[in-house]
Amino acid sequence: MSTTISPLAPKKYPKMPVIEGVRIATAEAGIKYKNRTDLLTMVFDEGTAVAGVFTKSKCPSAPVDFCRQNLRSGSARVLVVNSGNANAFTGKKGRESTALTGEAAAKAAGCKAAEVFLASTGVIGEPLDTGKFSHLLAGLVSNGKPELWTEAAKAIMTTDTYPKLATATVKLGDTDVTINGISKGAGMIAPDMATMLSFIATDAPIAAPVLQDLLSRGTAKTFNAVTVDSDTSTSDTLLIFATGKAARRGAPEITDLKDARLGAFRRALGKVLKSLALQVVRDGEGARKQVEVTVTGAKSARSAKRIALSIANSPLVKTAVAGEDANWGRVVMAVGKAGEPADRDRLSIWFGDNRLAHEGERDPDYSEAATSAYMKRDDIRIRADIGIGRGKATVWTCDLTKEYVAINGDYRS
């Protein structure tokens, strides 16, 4: 956790409403950090449905394996998250650690081990000493309070400079339901579940299979469309918990994905996911600018996304943005190396509303002064039109500064 808050941090945090059926507690376990919370529990009432999306890394952490296994039941009673240690690449010790934590949490919550969900974030390759916190779980589970959402977001931070929160209230049938979310992440962020850790809760009565589909689709244009440094984490975990408590107030139980009443909820969930994903980008390690990259005119939407990611992940593009240099030649380079269909002589490039290149050469009306002034903004938009089709996609990233190197050069110390 940095002492300097990102200049792109929100000016104020949302007031997080209580979600019926969720209780939260945090503690200082001293796993890596001193004098700050690093342990979170969320306890859910019986009948809570769960869905999740995880990293596509071939070297996933022990907690990711644990969650994938427990997700089959579709039911959740308790979530335990620690920061400071990712419990990744820890072999047999990692599996033993998740098993012990799962047993301690299940005992504390009076539930089955299959209803426990775990997440860990921090250094890779260090065994996680469950002895530092397993004895705290009983107290945390029994002392949880429904309003501690901001404290929850702070407890899961690592190199983040601010807690990430989002909320939405929406009608399901004729009844208000609420969606709350928290996230952590600042580095090792790239699509394929680029969230590091994110936890969403709602009081809507939605069955686990429907929740899973909503979440999987919702990540495509949100968490899977952000990148800080092209590095996919071993630990990326996004879980959504639905307590169903709004049913008592008249909310309809949703068991069918085609239920027309889901429309507003789907849009609200998308907004919460997008808000959290962009907060992660705006807290990219050392970030000073948010960059939106849109590709149009590609052969297909998938092709457009690959080209957009090629631009967004290019260290040369990102350092040009950091230096406020409208170096569109680097965008040409990134389009060309993406391995996707493109035509040099049909390519057009914009920075904001300034068209820099058109049909394969510098725009005759290009103004260096206007574009240089635009590059001084906090939010930069880059657009490339490939000129060969109708595919389009948008991804978000941040600039690459000297601070990113400094943060990651001494992360383990």
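What share of the 413 residues in the protein is buried?

1. Burial. Buried residues account for 56% of the 413 residues. The model is a predicted one, and every value in this note is computed from it.

2. Overall build. The secondary structure amounts to 11 helices and 15 strands. The radius of gyration is 22 Å, close to the 22 Å given by the globule rule for 413 residues, so the protein is as compact as a globular protein of that length. Along the principal axes, the C-alpha atoms fill a box of roughly 70 × 55 × 40 Å.

3. Contacts across the sequence. Of the contacts between residues at least 6 apart in sequence, 80% join residues at least 24 apart.

4. Helix α6. This helix covers residues 263-282, 20 residues in number. From its first C-alpha to its last it reaches 29 Å, close to the 28 Å expected at 1.5 Å a residue. Its buried residues are Gly263, Phe265, Ala268, Leu269, Val272, Leu273, Leu276, Ala277, Leu278, Gln279, Val280 and Val281. As background to such a list, an α-helix has 3.6 residues a turn, so residues three or four places apart point the same way.

5. Helix α1. Of the 10 residues in α1 (residues 62-71), 7 are buried, so the helix is largely enclosed by the rest of the structure. The buried residues are Ala62, Pro63, Val64, Phe66, Cys67, Asn70 and Leu71. Their cover includes the strands β3 (49-54), β5 (116-123) and β9 (237-242), together with the helices α2 (91-109) and α5 (208-220).

6. Most residues other than glycine have a negative phi. Asn35, which is not a glycine, has a positive phi of about 60 degrees. Asn87 also has a positive value, near 50 degrees. Asn35 sits in the loop between β1 (22-27) and β2 (39-44), and Asn87 in the loop between β4 (78-85) and α2. Are these residues buried or exposed? Asn35 is exposed, at a relative accessible area of 73%, whereas Asn87 is buried, at 1%.

7. Gly21. This residue belongs to the segment before β1. Its relative accessibility is 11%, under the 20% cut-off, so Gly21 counts as buried. Leaving out residues up to four places away in sequence, Gly21 touches Val43, Phe44, Asp45, Thr243 and Lys245. Glu46 is 25 residues from Gly21 along the chain, and the C-alpha atoms of the two are separated by 8.3 Å.

8. Lys318. Where does Lys318 lie? Lys318 is part of helix α8 (residues 315-322). Lys318 is buried, with a relative accessible area of 4%. Neighbours within four places in sequence aside, Lys318 is in contact with Val228, Ala312, Asn313, Thr397, Cys398, Asp399 and Leu400. Thr401 is 83 residues from Lys318 in sequence, and their C-alpha atoms are 8.3 Å apart.

9. Arg248. The loop between β9 and α6 holds Arg248. With a relative accessibility of 63%, over the 50% cut-off, Arg248 counts as exposed. Arg248 and Thr175 are 73 residues apart in sequence, with 10.0 Å between their C-alpha atoms.

10. Ile124. This residue is placed in the loop between β5 and α3 (137-143). Ile124 counts as partly exposed, at 34% relative accessibility. How far apart in space are Ile124 and Asn70, C-alpha to C-alpha? The distance is 23 Å, for a separation of 54 residues in sequence. Asn70 itself is among the buried residues of α1, and β5 is among the elements that cover the buried residues of that helix.

Notes:
Residues are numbered from 1 along each chain as its sequence is written. This is a predicted model: local features need pLDDT of at least 70, side-chain atom pairs count only at pLDDT 80 or more; totals for chains, interfaces and linings use all residues. Side-chain values use heavy atoms; hydrogens and water are left out. Helices (H or I, at least four residues) and strands (E, at least two) are DSSP runs, numbered from the N terminus. The radius of gyration is taken over C-alpha atoms; the globule rule is 2.2 Å times the number of residues to the power 0.38. Buried means under 20% relative accessible area, exposed over 50%, partly exposed in between (1.4 Å probe, protein chains only). Contact means heavy atoms within 4.5 Å. The expected span of a helix is 1.5 Å times one less than its number of residues.
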